[in-house]
Amino acid sequence: MAHSPRPGLGPGFWQVAIGLTILNVIVTILIVVYPIQNILPEAAAPARNIDDLFKLLSVFGNAIFVYVVGFLIYFTIVWRRRPSDSPEAIGIQIHDAPKLELWWTVIPTILVVIIAIYSVKIWSDLQNSPGDALTMEAIGHQFKFEFRYAALKNSVYDEMHLPVDTPVSVHVTSDDVIHSFWVPEVRIKADMVLGLIQTLRFTPNNVGKYRIICTEFCGTNHGDMVGTMYIDSAADFQKWLAATSKSQNGGAGALVLSKGDAALGRALFGQKCSTCHSTGPFEQKIVGPGLGKLASDPAHPDLVTGEPVTPQNVASILQNGYGGNDLSTGKANPPIGTMPNQQANAISNGDIANLVAFLLSMSKK
Ligand code: HEC
Ligand SMILES: [Cu+2]
């Protein structure tokens, strides 16, 4: 004998509903009272507002999750097919439940409208927050972040300094592919797109060191595209600005090649150069040529600039970069690529002396 479909909500429906409500209330309270900054510190002014929005979304998301999944499990158990049911048995067929349909339309509509109003408010606060005390530019490159300050002659790379409690505007763009500028502790993020300038406004309020992460897959070394945002005290920021400006103007540490230390150069090579250069022969190219036989390769007697291999000429490539024809064989071969200059490689004059010593020491073996 086949069962006739059992009408009603199912045994224990209201107990389950009360249970889910209690669970929902507990999780909601946890979401509301738990300080997100315990997990991820807040380093700038809009962070708290963004966290509040996140909490609001989580409260609604949690309620929907708890009831939908809770009742899904409950109904799956209560209305499962029994061994005694006939193979043709089907569930109760319900058509038109105006009361139900009304509520499942009205409640989500109200939720979405509340979320919309709240997010637009936060978004407009972000757009209209003051940000003009310090204006700067952030430019994405494969694979580094460039920062430009009005007070500095040259760009700085992968290192961004900001004075605490000062509203900043960062104009964000790209030099090549699409990158993304994200500082989790500031809760702020913008795609870096060639030809498009987006402006981020925030006020750093927590001195410290934070990671700047590229979150758009931008090529082979995307995973290494990480910069550092230093939120400094006003005095430290001025100190950094002055020191950087001085070194850019050639003031700090003149280039003295005789002081080069090959061991220090080797360590630096691993950090700054080995993504593009092997220590094998010229032909063992990565992005640029192999540098292991820079001064001892009869097939490439000269530097790519066409100049003889002297410490001074190697240093000049490290200072100025090079992107012209490959003249190392005495003939004009097409450029191998672009060798970044001193600023782009973020190396000091002392670093150059060490690197030149290291490069030339490899050819002496
Ligand atoms: C983004 C990739 C890249 C990085 C990083 C890079 N280089 Fe280069 N380098 C090149 C390319 C490409 C060339 C060849 C340029 C040309 O021929 O047009 C080159 C050329 C050179 C040359 C001339 C080689 C020759 O045989 O004449 C030297 C020396 C050199 N690089 C040293 C360095 C050192 C030291 C570093 C680390 C501070 C470094 N490079 C970082 C790409 C890079
Ligand atoms: Cu990137």
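1. A word on terms to begin with: helices (H or I, at least four residues) and strands (E, at least two) are DSSP runs, numbered from the N terminus. With that in hand, Asp-165 is found in the loop between strand S4 (159-163) and S5. Asp-165 is not a glycine, yet has a positive phi of about 60 degrees. Asp-165 counts as partly exposed because 16 C-beta neighbours lie inside 10 Å. For burial, the cut-offs are these: a residue is buried if 20 or more other C-beta atoms lie within 10 Å of its own, exposed if 12 or fewer, and partly exposed in between, with C-beta atoms placed from the backbone.

2. Please keep the source in mind. This is a predicted model, in which local features need pLDDT of at least 70 and side-chain atom pairs count only at pLDDT 80 or more, while totals for chains, interfaces and linings use all residues. Residues are numbered from 1 along each chain as its sequence is written, and chains are lettered from A and ligands numbered from 1 in the order in which they are written.

3. Now the overall layout. The protein chain is divided into domain 1 (13-82 + 95-127), domain 2 (134-249) and domain 3 (257-361); such bounds come from an automatic or database domain assignment. Between the C-alpha centres of domain 2 and domain 3 there are 28 Å. Six residues of domain 2 are in contact with five residues of domain 3, contact being C-beta atoms, placed from the backbone, within 7 Å. On the domain 2 side of this contact there are one nonpolar, four polar and one charged residues. The classes are as follows: Ala, Val, Leu, Ile, Met, Phe, Trp, Tyr, Cys and Pro count as nonpolar, Asp, Glu, Lys and Arg as charged, and the others, Gly among them, as polar.

4. The open sheet deserves a look. Its five strands run in the order S3-S2-S1-S5-S8, with mixed pairing. At the edges are strand S3 (156-157) and strand S8 (198-202), each of which pairs on one side only. Two strands count as paired if DSSP finds at least two bridges between them. S1 (residues 134-141) and S5 (residues 168-174) pair in the parallel sense over seven bridges, and Glu-137 stands opposite His-171 in S5. S5 also pairs with S8, in the antiparallel sense and over five bridges; here Val-170 stands opposite Leu-200.

5. S1 and S2 (residues 144-149) pair in the antiparallel sense over six bridges, with Met-136 opposite Tyr-149. The loop between these strands holds Phe-143, and the peptide bond from Gln-142 to Phe-143 is cis, with omega near 5 degrees. I would look at this spot in the viewer.

6. A second hairpin is made by S6 and S7, with four residues between the strands. S6 (residues 179-183) and S7 (residues 188-192) pair in the antiparallel sense over five bridges, and Lys-189 in S7 is the bridge partner of Trp-182. Arg-187 is in the loop between S6 and S7 and, although not a glycine, has a positive phi of about 60 degrees. Arg-187 is buried because 22 other C-beta atoms lie within 10 Å.

7. On to helix H5 (residues 262-272), whose buried residues are Gly-265, Leu-268 and Phe-269. They lie on the same side of H5 because they cover an arc of only 110 degrees around the axis, the arc being that of the directions from the helix axis to the C-beta atoms. Exposed on the other side of H5 are Ala-263, Ala-267, Gly-270 and Gln-271. The buried residues of H5 pack against H8.

8. Which residues are closest to ligand 1? They are Cys-273, Cys-276, Gly-288, Gly-337 and Met-339, from a shell of 32 residues; a residue is near a molecule if its C-beta atom, placed from the backbone, lies within 6 Å of it. By class, this shell has 20 nonpolar, 10 polar and two charged residues. Helix H6 (311-320) and helix H8 (349-363) each supply at least two residues of the shell, and H6 gives the largest share, three residues.

9. Lastly, Lys-99 sits in helix H3 (residues 98-128). Lys-99 counts as exposed because 7 C-beta neighbours lie inside 10 Å. Lys-99 and Asn-354 are 255 residues apart in sequence and 79 Å apart in space, C-alpha to C-alpha.

Definitions and conventions
Two residues are in contact if their C-beta atoms, placed from the backbone, lie within 7 Å.
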